[in-house]
Amino acid sequence: MKIRIKGNSLRYRLTKSDVTTIIKDGRLEEETNFGHQTFRYALQTTTDYDLSATFHDNRITLFVPHSMIDRLANTDEVGFENEQGKLFLLVEKDFTCLDNVDEDQSDNYPNPLVEKSK
């Protein structure tokens, strides 16, 4: 799971195993240790109808409806978005990069633009 924060925009990118874990456990959390403090970010399923987020105790939690996670897992749908006040929220599949990168992308979704670039 990756996050990107820019201004009032919060984007979560999910690999195939992230989606599998969320379906199985209903929650996924990762952390970054800054020495004396730890920043955590989580994704949790909900029975609500829209994406929403909270920030408490150095933890961002993005709440995603079960139906959206199911559609990520079982359809070609790429992602979902919502606005919560001034905050723009987006959860989406993490596709393989078209450029060569050094990170392991074996768990990413196949990039739909690969066929177009050939």
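Two strands count as paired if DSSP finds at least two bridges between them, and helices (H or I, at least four residues) and strands (E, at least two) are DSSP runs that are numbered from the N terminus. By that rule, β7 and strand β8 (residues 87–93) pair in the antiparallel sense over six bridges. This is a predicted model, in which local features need pLDDT of at least 70 and side-chain atom pairs count only at pLDDT 80 or more, while totals for chains, interfaces and linings use all residues. Residues are numbered from 1 along each chain as its sequence is written, and side-chain values use heavy atoms, with hydrogens and water left out.

**The sheet with β7 and β8**

- Four strands form an open sheet of mixed pairing, in the order β1-β2-β8-β7, and the edge strands β1 and β7 (79–84) each pair on one side only.
- Neighbouring strands of this sheet are turned by 15° against each other on average, direction ignored, where axes are lines fitted to C-alpha atoms (for helices over the stretch in contact) and angles run from 0 to 180 degrees between N-to-C directions.
- Strand β1 (residues 2–6) runs antiparallel to β2 and is joined to β2 by five bridges, with Tyr12 in β2 as the bridge partner of Ile3.
- A hairpin is formed by β1 and β2 with two residues between them, and Gly7 in the turn has a positive phi of about 55°.

**The sheet with β3 to β6**

- A further open sheet of four strands has the order β3-β4-β6-β5, again with mixed pairing.
- In this sheet β3 and β5 (52–56) stand at the edges with a single partner strand each, so one side of each is left without a neighbour in the sheet.
- Strands β3 and β4 run antiparallel and are joined by seven bridges, and Glu30 has Tyr41 in β4 as its bridge partner.
- Helix α1 packs on this sheet, where α1 touches β3 and β4, and the direction of α1 makes about 120° with that of β3.
- Helix α2 lies across β4 and β6 (59–65), running at about 80° to β6.

- In helix α1 (residues 16–25), the buried residues are Asp18, Val19 and Ile22, buried meaning under 20% relative accessible area, exposed over 50%, and partly exposed in between (1.4 Å probe, protein chains only).
- Seen down the axis of α1, these buried residues fall within an arc of 100°, so they line one face of the helix; the arc is that of the directions from the helix axis to the C-beta atoms.
- On the other side of α1, Thr20, Ile23 and Lys24 are exposed.
- The buried residues of α1 pack against β2 (9–14), β3 (27–33), β4 (38–46) and α2 (66–74).
- Gly26, which follows α1, has a positive phi near 80°.

- Thr61 is found in strand β6 and counts as buried because its relative accessibility is 6%.
- Beyond residues up to four places away in sequence, Thr61 touches several residues, including Tyr12, Arg27 and Ala42.
- Val64 is also found in strand β6 and is buried, with a relative accessible area of 0%.
- Leaving aside neighbours within four places in sequence, Val64 is in contact with residues including Leu43, Ile69 and Val91.

Conventions. Contact means heavy atoms within 4.5 Å.
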